[in-house]
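Trainee: I would like to learn how to read features in a model like this one. Can we go through them together?

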Amino acid sequence: MNAAAALPAATDAALDVARVRDDFPILAREVYGKPLVYLDSAASAQKPRQVIDAESAVYEEEYANVHRGVHYLSQAATDRFEATRRRVRAFLNARSEDEIVFVRGGTEGVNLVARSWGRTALKEGDEILISTLEHHANIVPWHLLAEEKGLVVKGVPIHEDGQIDMDAYRDLLTERTKLVAITQMSNALGIVTPIEEIVRLAHDAGARTMVDGCQAVSHGAVDVRALDCDFYVFSGHKVYGPTGIGALYGKAELLESMPPWQGGGEMIARVSLERSTFKKPPHRFEAGTPAIAQAIALKAALDYVAGLGLDRIAEHEAMLLDYATERLSSLDGVTIYGTHPNKASILSFNLEGAHPHDVGTIVDRDGVAVRVGHHCAQPAMQRYGIPATVRASFALYNTLDEVDALVASLAKVREFFA
Ligand code: 7TS
């Protein structure tokens, strides 16, 4: 991924993980009398003090509703809320802050695109291409829309190694394809997709593109202008920010052409009893009181990762992933899902003879938090003929010792089921 413009420059030195860990108060706690080993950041990342402080400072110092008050506090809160929009613009390297719509998270971003753009731009028989790697958030909204409008949703298959089958993708792209909605990084397998090529081929075929960046944004810089995607979504909570806030990027001319998807306060130009007219994007898509403190604190999260340097974060996580892959492979009866070299930060696996839920429960007693289940990515599980996996996901605050703790705990699981 390309370095985004306008982010504070980081130095070349490796990540100082001990210092970074001090920023995350929760990492100092114990569970069941054992040090917490948090390997579930793909579900939600822990928060640094900088984000926690930014959110509580809003309530302690400058809280009021935004975009409506003439009074001092409302204007101060509005300024800070809009400062995050500018920050997200820089984070994604969008052209304009008007291309950044605040949403609750990735799920809401996809639903917005489906409900607003999809409902008006697509017609019966049109095709939407998704992939086997998608999170349900980038599948179900398209199914709902397809049901309503008579659209066809098709899935691009993946190879055994978890990577998108680009030949199959080329074959599936036809003049009927009107949207390609594909992830930049799989939450279930950690595979990083060739998203630039996917977008380029879609555009060559005349289709619009929506990139699910929920997993990708915390592992490398994103440049939506270089990528040239039409829409891009991400959730704040996976990039060390608060829950309840995320962003949808949409190209200005597309957002301009789209109708509101929710009606209410703050998105209107004028309302009479008979009819309403609407504001321009992005406010047209932001009905009601938003997640004010969360949005303001999202800026602190984006500043935090930029300050450390996304390249350095990615390098550290790649080191953890390589080490974990090697150590896990040395255990008997381990199957790793997603073996294509282009992957980041996620290790999805099963232990022969042990149900993933049992594995998760046993390692939890050693203080090791992993996610088990289908990871809201059932098509990927179906591809491998399994109901679930164990998923360890690594973040900027994880250490090699924590990988060792996971492996030691898994060795106990092996003994238990031997
Ligand atoms: N897309 C991807 C690729 C995701 O990983 C997730 C959440 C979403 C969309 C939805 O994001 P939300 O913030 O709106 O929920 N993924 C996960 C996960 O892997 N474990 O818990 C949530």
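Trainee: Is asparagine 398 buried or exposed?

Mentor: Start with the cut-offs. Buried means under 20% relative accessible area, exposed over 50%, and partly exposed in between, with a 1.4 Å probe and protein chains only. Asparagine 398 has a relative accessible area of 1%, so it is buried. Keep in mind that this is a predicted model: local features need pLDDT of at least 70, side-chain atom pairs count only at pLDDT 80 or more, and totals for chains, interfaces and linings use all residues. Residues are numbered from 1 along each chain as its sequence is written, and side-chain values use heavy atoms, with hydrogens and water left out.

Trainee: Where is asparagine 398 found?

Mentor: Helices (H or I, at least four residues) and strands (E, at least two) are DSSP runs, numbered from the N terminus. Asparagine 398 sits in the loop between strand 17 (389–393) and helix 14.

Trainee: What does the side chain of asparagine 398 reach?

Mentor: Look for polar contacts. A polar contact is a pair of N or O atoms within 3.5 Å; within protein, one must be able to donate a hydrogen and the other to accept it, and residues adjacent in sequence count only if both atoms are side-chain atoms. The side chain of asparagine 398 reaches the backbone oxygen of tyrosine 38 at 3.0 Å. It also makes a polar contact with the side chain of glutamate 402, at 2.8 Å.

Trainee: Which residues does asparagine 398 touch, not counting residues up to four places away in sequence?

Mentor: Contact means heavy atoms within 4.5 Å. With that sequence limit, asparagine 398 touches Val17, Arg21, Tyr38, Leu39, His316, Leu320 and Ser393.

Trainee: Which residues are buried in helix 11?

Mentor: Think of the helical repeat. An α-helix has 3.6 residues a turn, so residues three or four places apart point the same way. In helix 11, the buried residues are Leu310, Arg312, Ile313, His316, Glu317, Leu320, Leu321, Ala324 and Leu328. Their cover includes helix 1 (17–22), helix 3 (72–92), helix 10 (292–308), strand 13 (334–337), strand 14 (346–351) and helix 14 (400–417).

Trainee: How many residues does helix 11 have, and what is its reach?

Mentor: The expected span of a helix is 1.5 Å times one less than its number of residues. Helix 11 (residues 310–329) has 20 residues and reaches 28 Å from first C-alpha to last, close to the 28 Å expected.

Trainee: Now the ligand. Which residues come nearest?

Mentor: A residue is near a molecule or strand if one of its heavy atoms lies within 4 Å of it. Of the 15 residues around the ligand, Thr107, Asp212, Ser235, Arg371 and Arg391 come nearest.

Trainee: Which polar side-chain atoms lie by the ligand?

Mentor: One belongs to arginine 371, 2.6 Å from a nitrogen atom of the ligand. An N or O atom in the side chain of lysine 238 is 2.7 Å from a ligand nitrogen. For asparagine 187, a side-chain N or O atom is 2.8 Å from a ligand oxygen. Taken alone, the ligand exposes 490 Å², and the protein buries 87% of that. Those areas come from the Shrake-Rupley method with a 1.4 Å probe; for residues, only the protein chains shown count as cover.

Trainee: What about glutamine 215?

Mentor: Glutamine 215 touches Lys238 and Asn187, among others, not counting residues up to four places away in sequence. It is found in the loop between strand 8 (208–212) and helix 8 (224–227). At 5% relative accessibility, glutamine 215 counts as buried. Its side chain reaches the backbone oxygen of alanine 42 at 2.9 Å.

Trainee: What kind of peptide bond joins proline 281 and proline 282?

Mentor: A cis one, with omega about 5°. Proline 282 is in the loop between strand 12 (276–278) and helix 10.
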